[in-house]
Every structure is written in structure tokens, then in C-alpha cells.
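The report below describes a single protein chain. Please consult the sequence and the structure while reading.

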Amino acid sequence: MKDLNKYILEKKKVFELNTSQREALETTVGIALGNLGEDDEIKQFKKFMDSLSDEEKTDLESLYNMLSDADNYKKINQKNIMHEDIILIDKLYHYCNDNDMLGEQWDLIDAFEKICL
């Protein structure tokens, strides 16, 4: 029997983020990378960033660039988010959820649900 996370990630899932969900995910990834936000917000993601390999950090930076480039990536959906990106988004979701960082950020929660759950 497959591990539940592996099953979810392997399952071909169709999704598309709306503008608000895209912006919420872009902001969260940007804060985690230290590209956006205040120092206290960025510090909340220090353990998350320390847990990533150099390759994962590079992939996260590429994901952020894609999310912030609305001219070249008009839609964010299963066609332009790679498997590695989904794994990173899933890690980010679990980190935010485990550390009570989601609060009432409904657009971010919806984005995570569309991609990860």
C-alpha cells in the first residue's frame, strides 16, 4: 500500500489558482525566501528554509519567479507547476499548518488545498 502523501502527489490532479490564491501563495513563498515581508515575518520561516536542500531552495526561488511573472504565466495550474514544486508547496503547507501560520488567510488555504489536498 502506498504512502498517502505519495499517492496524493502521484494522482493527476487538475487545478487552477485564481488571482487571489496565486497572490497569496506568491506572497508566502516570497516571505519564506526573504524577498518580501518584514524581518519578523521572514524569521518565522527560518526553520523551514534551513530544512531545505540547496536544490530545493533553488526550486523554491524558481516557483516564486513563476508565481510573480503574470505576463509569461497567465494561469497557474497543473500544467506549469512541476512535481518538485508540488512537493515544496506541500512542505510549506505542512510547515505553515504545524506552526499555526495560516490563521484566516483563506486564499492561501484555498491555494494549498487545490494543490496539496
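Asp 59 has its place in helix α5 of what is a predicted model. With a relative accessible area of 22%, Asp 59 counts as partly exposed, because the limit for a buried residue is under 20%. Leaving out residues up to four places away in sequence, Asp 59 touches Glu 84, Asp 85 and Leu 88. The C-alpha atoms of Asp 59 and Leu 88 are separated by 8.2 Å, although these two residues are 29 residues apart along the chain. Of the residues that Asp 59 touches, Asp 85 and Leu 88 are among the buried residues of α6.

## The chain as a whole

The protein chain contains seven helices and two strands, and its elements, read from the N terminus on, follow the order α-β-α-α-α-α-β-α-α. The chain has 117 residues, of which buried residues make up 39%. When contacts with a separation of 6 or more are considered, 71% of them are accounted for by residues 24 or more positions apart.

## The largest nonpolar core

The largest nonpolar core has 34 residues, and within it Leu 25, Val 29, Leu 60, Phe 112 and Ile 115 touch the most other members. At least two residues of this core are supplied by each of α2 (19–33), α4 (46–51), α5 (54–68), α6 (83–98) and α7 (106–116). With seven residues, α6 gives the most to this core.

Which residues does Val 29 contact, leaving aside its neighbours within four places in sequence? They are Leu 60, Leu 63, Tyr 64, Leu 67 and Leu 92. Leu 60 is, like Val 29, one of the core residues that touch the most other members, while Leu 92 is one of the buried residues of α6.

Helix α2 is mostly covered, since 11 of its 15 residues are buried; the buried set consists of Gln 21, Arg 22, Ala 24, Leu 25, Glu 26, Thr 28, Val 29, Gly 30, Ile 31, Ala 32 and Leu 33. The end C-alpha atoms of α2 lie 21 Å apart, in agreement with the 21 Å that its 15 residues should span at 1.5 Å a residue. At the N-terminal end, α2 is capped by Asn 18, which places a side-chain oxygen 3.0 Å from the backbone nitrogen of Ser 20. Just after α2, Gly 34 adopts a positive phi of about 90°.

The axes of α2 and α5 are 9 Å apart and the two helices pack at an angle of about 145°, in a crossing that is left-handed. On the α2 side the residues that meet α5 are Arg 22, Leu 25, Glu 26, Val 29, Gly 30 and Leu 33, and their counterparts in α5 are Lys 57, Leu 60, Glu 61, Leu 63, Tyr 64, Met 66, Leu 67 and Ser 68.

Helix α6 has 16 residues and reaches 22 Å from its first C-alpha to its last, close to the 22 Å expected at 1.5 Å a residue. The residues buried in α6 are Asp 85, Ile 86, Leu 88, Ile 89, Asp 90, Leu 92, Tyr 93, Tyr 95 and Cys 96.

Asp 100 is found in the loop between α6 and α7, where its phi is near 50°, a positive value in a residue other than glycine. Is Asp 100 buried or exposed? Its relative accessible area is 71%, and Asp 100 is therefore exposed, the limit for that class being over 50%.

Notes:
Residues are numbered from 1 along each chain as its sequence is written. This is a predicted model: local features need pLDDT of at least 70, side-chain atom pairs count only at pLDDT 80 or more; totals for chains, interfaces and linings use all residues. Side-chain values use heavy atoms; hydrogens and water are left out. A nonpolar core is a set of buried Ala, Val, Leu, Ile, Met, Phe, Trp, Tyr and Cys residues joined through side-chain atoms within 4.5 Å. Buried means under 20% relative accessible area, exposed over 50%, partly exposed in between (1.4 Å probe, protein chains only). Helices (H or I, at least four residues) and strands (E, at least two) are DSSP runs, numbered from the N terminus. Contact means heavy atoms within 4.5 Å. The expected span of a helix is 1.5 Å times one less than its number of residues. A polar contact is a pair of N or O atoms within 3.5 Å; within protein, one must be able to donate a hydrogen and the other to accept it, and residues adjacent in sequence count only if both atoms are side-chain atoms. Axes are lines fitted to C-alpha atoms, for helices over the stretch in contact, and angles run from 0 to 180 degrees between N-to-C directions. A crossing is left-handed if the near helix is turned anticlockwise from the far one by less than a right angle, and right-handed if clockwise.
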